[in-house]
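Thanks for sending this one over.

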Amino acid sequence: MSNANPAQVYRIPAFNDNYIWMLHNPLTKALAVIDPGEAEPVLAALKEHNLTPTEIVNTHHHGDHIGGNEVLRERFDIPVMAPASEESRIANITTPVRHGDRVTIAGYDAEVIETPGHTTGHVAFHLPDCGNGHGVAFVGDTLFSMGCGRVFEGTMAQMWASLSALRALPDQTLICAGHEYSASNAKYVASLNWPRAAAKAHMEAIHALRAKDEPTLPVMLKVEKDANPFLNCDADDLQQAMGMAGADPADVFAALREGKDAF
Ligand SMILES: [Zn+2]
């Protein structure tokens, strides 16, 4: 039976191109703040919508994802859910989580998926049923629209495995990612000459939104499965476009990621 209490997702722009996310449970008034890199825009959004946070959730240790934790924690006396492996790099974790853990976020069931690569301890949170007829996933800096996070701490093979784990989620999963990098990602994808109609259509949609200064996130996972080359490293058409037909998908991923790093 599906959840009859639809969650509300809030997107809060922060810094130059970060998104902080909030998930609100209208029935219980629970409100999770996901990756508050800075407190000020969160406090402004709370005031605007007359909401009170009940929990903080972090995907990874980078400052632009946790920098607002302490202000929010002290002001509202709320718990912090974050990767257990990052207890030395994220202060005051009250709910350490590991791969496969079943937790609740704003009262909605969630599964913890370890997604190492961008950082060694990075996790994503998949909520299969928020009452909206689709799932929601908070993916931090692992998956972006038409792109993926830089591989800072893990290996290319780990990042490919992490992206593959996210790709295995249901098509109807709303992807809430940490950065508005879609336009720059789309420019890189255009340079690949990948003959995928869905990729071309998604690039055009992204550029049309950005031309109006509108956000491209959240995005449904089905769109990314069809249009994001970083989720298609085992697809024949991408491998051929890259001159790597039959190659190990992890090697294709590495070439793709290194190409973006140098783009
Ligand atoms: Zn990061």
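**Notes on the zinc site, the sheet and a few single residues**

1. His-60 is buried, its relative accessible area being 0% (buried is under 20% relative accessible area, exposed is over 50%, and partly exposed lies in between, with a 1.4 Å probe and protein chains only). His-62 counts as buried too, at 17% relative accessibility. Before going on, a word on the source: this is a predicted model, in which local features need pLDDT of at least 70 and side-chain atom pairs count only at pLDDT 80 or more, while totals for chains, interfaces and linings use all residues. Residues are numbered from 1 along each chain as its sequence is written, and side-chain values use heavy atoms, with hydrogens and water left out.

2. Which atoms coordinate the zinc ion? They are NE2 of His-60, ND1 of His-62, NE2 of His-118 and OD of Asp-141, at 2.2 to 2.3 Å. Donors here are N, O and S atoms within 2.8 Å of the metal (3.2 Å for Na, K and Ca); water is not among the atoms, so sites may look incomplete. Along the chain the donors follow the spacing H-x1-H-x55-H-x22-D.

3. Why is the zinc arrangement called irregular? The 4 donor atoms subtend angles of 90 to 168° around the ion, which makes it so. For the cut-offs, four donors count as tetrahedral if all angles lie between 85 and 135 degrees; four count as square planar and six as octahedral if opposite donors are over 155 degrees apart and all others between 65 and 115; anything else is irregular.

4. Now to the sheet. It is open and has 6 strands in the order E7-E8-E9-E10-E13-E14, with mixed pairing. Strands E7 (102-105) and E14 (219-220) are at the edges with a single partner strand each, so one side of each has no neighbour in the sheet. Two strands pair if DSSP finds at least two bridges between them, and the elements are DSSP runs numbered from the N terminus (helices H or I, at least four residues; strands E, at least two).

5. Arg-102 has Glu-111 in E8 as its bridge partner. The two strands form a hairpin with 2 residues between them, and Ala-106 in the turn has a positive phi of about 55°. Side chains in a regular strand alternate between the two faces of the sheet. In E7, Val-103 and Ile-105 make up the covered face, whereas Arg-102 and Thr-104 are on the uncovered one.

6. Strand E13 (residues 173-177) runs parallel to strand E10 (residues 135-140), joined by 5 bridges. Across this pairing, Val-136 stands opposite Leu-174 and Ala-137 opposite Ile-175. To E14, E13 is antiparallel with 2 bridges; there Ile-175 has Val-219 as its bridge partner. Is E13 enclosed or open to the outside? As 5 of its 5 residues are buried, E13 is largely enclosed by the rest of the structure. Thr-173, Ile-175 and Ala-177 point one way from the strand, Leu-174 and Cys-176 the other.

7. Two buried polar residues deserve a look. Ser-182, in helix H5 (residues 182-191), is buried at 1% relative accessible area. Its side chain makes a polar contact of 2.5 Å with the side chain of Thr-216 (a pair of N or O atoms within 3.5 Å; within protein, one must be able to donate a hydrogen and the other to accept it, and residues adjacent in sequence count only if both atoms are side-chain atoms). Leaving aside neighbours within four places in sequence, Ser-182 is in contact with Ser-145, Ile-206 and Thr-216 (contact means heavy atoms within 4.5 Å).

8. Asn-18, in strand E2, is buried with a relative accessible area of 5%. A polar contact of 3.0 Å links its side chain to that of Asp-64. Not counting residues up to four places away in sequence, Asn-18 touches several residues, among them Ile-12, His-65 and His-179.

9. Finally, some backbone details to check. Leu-217 and Pro-218 are joined by a cis peptide bond, with omega about 0°; Pro-218 lies in the loop between helix H6 (197-211) and E14. Lys-29 is not a glycine, yet has a positive phi of about 70°; Lys-29 is in the loop between strands E2 (18-24) and E3 (31-34) and is exposed at 55% relative accessible area. Asn-50, also not a glycine, has a positive phi of about 55°, lies in the loop between helix H1 (40-49) and strand E4 (55-57), and counts as exposed at 70% relative accessibility.
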